[in-house]
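User: I am new to this structure and would like to go through it step by step. Could you take my questions in turn?

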Amino acid sequence: MRKQTAIVSRWLHIYLSMVSFAVILFFAVTGLTLNHAEWFANQQRTVQRTGSLPHDWLRPTTGEVGKLEIAERLRSSEKLHGEVSDFRVDDQQVAVSFKAPGYAADAFIDRDSNHYDLTITSNGFVAVMNDLHKGRDAGKAWGWVIDVSAVLLTLVSLTGLLLLFFVYKRRTAGLIVGAIGAVLLWIAWARFVP
């Protein structure tokens, strides 16, 4: 039983590590770029555009404002992407916001003149990667990717720890080093986090 546990643990550790190699690299690099966002602050690009929409979508004679038509027209005519994160209607104005990792587009539409002002903000590749790291504006499917990544990394850590128990010569030293790492992490949190 002991030998079989060691074999299965080693097999799991090796192959889970290789499957999650890109995940580890991605979260390690974006952890660094998140911690030093000022290194990439000059990548933001803002574009202003204007246009108009059909009056009957904004002031329909019957029913409500054509939300789907407005969002899809803006998406297609202005080449917008991302999900509609906000759609507000008041007496004078309609406001539509599109969000995606590292990206925002906000349209303000005058309901009387049919005229809109659009501001598109793109924050660059690093900001996209940082937002993916956090799961911001990335959708539910990406949330599942983050969850699966967390499970993979947990399994890699646990199988690595389990393997340490089968390496007699290094078990004590490995456990001591692991404990020191955990204590140092706790000290850093207790000492430096306000």
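User: Leaving aside its neighbours within four places in sequence, which residues is Ser9 in contact with?

Analyst: A word of care comes first, since this is a predicted model. Ser9 lies in helix α1, which covers residues 2-19, and at 4% relative accessibility it counts as buried, because buried means under 20%. Once the neighbours within four places in sequence are set aside, the residues in contact with Ser9 are Thr159, Leu162 and Leu163.

User: Which pattern does the chain follow when it is read along the sequence?

Analyst: The chain holds seven helices and five strands. Read along the sequence, these elements follow the pattern α-α-β-α-α-β-β-β-β-α-α-α.

User: Why does the chain count as more spread out than a compact globule, and what is its radius of gyration?

Analyst: Along its principal axes, the C-alpha trace of the chain spans about 80 × 40 × 25 Å, and 27% of the 194 residues count as buried. For 194 residues the globule rule gives 16 Å, and the chain is well over that value, so it is more spread out than a compact globule, with a radius of gyration of 25 Å.

User: At roughly what angle do the axes of helix α2 and helix α5 cross?

Analyst: Helix α2 takes in residues 21-35 and helix α5 residues 124-134, and their axes come within 9 Å of each other. The crossing of α2 and α5 is left-handed. Angles of 65 to 115 degrees count as roughly perpendicular, which makes α2 roughly perpendicular to α5, as the axes cross at roughly 115°.

User: How do the residues of the contact of α2 with α5 divide into nonpolar, polar and charged?

Analyst: On the side of α2, the contact is made by Phe26, Phe27, Thr30, Gly31, Thr33 and Leu34. On the side of α5, Val126, Met129, Asn130, Leu132, His133 and Lys134 take part. Taken together, the residues of this contact divide into six nonpolar, five polar and one charged.

User: What covers the buried residues of α5?

Analyst: The buried residues of α5 are Val126, Ala127, Met129, Asn130, Asp131 and Leu132. What covers the buried residues of α5 includes β3 (93-100), α6 (139-164) and α2.

User: Which residue follows α5, and what is its phi?

Analyst: Helix α5 covers residues 124-134. The residue that follows α5 is Gly135, and its phi is positive, near 80°.

How values were computed
Residues are numbered from 1 along each chain as its sequence is written. This is a predicted model: local features need pLDDT of at least 70, side-chain atom pairs count only at pLDDT 80 or more; totals for chains, interfaces and linings use all residues. Side-chain values use heavy atoms; hydrogens and water are left out. Axes are lines fitted to C-alpha atoms, for helices over the stretch in contact, and angles run from 0 to 180 degrees between N-to-C directions. Helices (H or I, at least four residues) and strands (E, at least two) are DSSP runs, numbered from the N terminus. Angles under 35 degrees count as roughly parallel, over 145 as roughly antiparallel, 65 to 115 as roughly perpendicular and the rest as oblique. A crossing is left-handed if the near helix is turned anticlockwise from the far one by less than a right angle, and right-handed if clockwise. Contact means heavy atoms within 4.5 Å. Ala, Val, Leu, Ile, Met, Phe, Trp, Tyr, Cys and Pro count as nonpolar, Asp, Glu, Lys and Arg as charged, and the others, Gly among them, as polar. The radius of gyration is taken over C-alpha atoms; the globule rule is 2.2 Å times the number of residues to the power 0.38. Buried means under 20% relative accessible area, exposed over 50%, partly exposed in between (1.4 Å probe, protein chains only).
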